[in-house]
Amino acid sequence: LPHTPAMATTTSPELIDALCRYFTGKKVKRLIITDHTLQKASGFEDVEAVKVADKYPGVKIVLANEQRYFEPVEVPGRVLKRTEVLKLLSRADLVVNVATAKHHSATSVSLAAKNLMGVIWNRGWWHKNGLHQCIADFGTFIKPTWCVVDATRIMLDRGPKGPSENMKKPDLLIVSTDQVAVDAYTATLFPEATAARAKYIQMAASMGLGCADLSRMAIHKIEVD
């Protein structure tokens, strides 16, 4: 079964296009779009996404599905102390975490922090050694400059692969420099019982990695035609 953006399982080529247009307009000379996908059918391998990248000078898509793309790093987490991370990150001046909001069978919801599992190699170790705490711990190592969560349409069940039997269309892009805040806000778009099981959000907040209290956030909503 192909995992298409319309199913809200993968990154939208339209969002990739918008980000490429924005950053190239800001005179960014080199922009790399990358992911370590779970299986072959992915938005990053989709021919439409490649066509988008080809429109812009200096933009390249790297599908990092081989271990040679990764290097071991130390992580000052509570459980996660060491992991293999995409080498490209150490050379990046700016990191933008682009996630798709969706239900996830292991973590209840998959948002910005969970999405960063796309830049590590051994995801199996995380699943076996306290997945929620590992996701929170990784925030001590990497702090994206911007987090962008695509919540134009979200799957409320049967994630992460789908297809979902229950879809929702908030028509929102949620952007923040605070990864915990963007996840805490996006979680409110899901049923309360589903969001409550996403323990990694509160874990990260308790570690001082961001704000999970909506009453303390300066939330600005902009409508775009």
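Q: Which residues touch the most other members in the largest nonpolar core?

A: A nonpolar core is a set of buried Ala, Val, Leu, Ile, Met, Phe, Trp, Tyr and Cys residues joined through side-chain atoms within 4.5 Å; buried means under 20% relative accessible area (1.4 Å probe, protein chains only). Here the core has 51 residues, and L111, W126, F138, F190, Y200 and I201 touch the most other members. This is a predicted model, where local features need pLDDT of at least 70, side-chain atom pairs count only at pLDDT 80 or more, and totals for chains, interfaces and linings use all residues. Residues are numbered from 1 along each chain as its sequence is written, and side-chain values use heavy atoms, with hydrogens and water left out.

Q: What does F190 touch?

A: Contact means heavy atoms within 4.5 Å. Not counting residues up to four places away in sequence, F190 touches A101, K102, H103, V109, L111, I154, M155 and L156.

Q: How much space lies in the second largest pocket, and which residues are closest to its centre?

A: On a 1 Å grid over the protein atoms alone, a pocket is an open set of points where a 1.4 Å probe fits, with protein on both sides within 12 Å along at least five of seven lines; lining residues have an atom within 4 Å of a point. Volume is the space filled by probe spheres set on the points, which are joined across faces, edges and corners. In this case that is about 1100 Å³. Of the 28 lining residues, L173, I174, V175, S176 and H220 are closest to the centre.

Q: What classes of residue make up the lining of the second largest pocket?

A: Ala, Val, Leu, Ile, Met, Phe, Trp, Tyr, Cys and Pro count as nonpolar, Asp, Glu, Lys and Arg as charged, and the others, Gly among them, as polar. The lining has 20 nonpolar, three polar and five charged residues.

Methods. Buried < 20%, exposed > 50% of the residue type's maximum accessible area, 1.4 Å probe, protein only.
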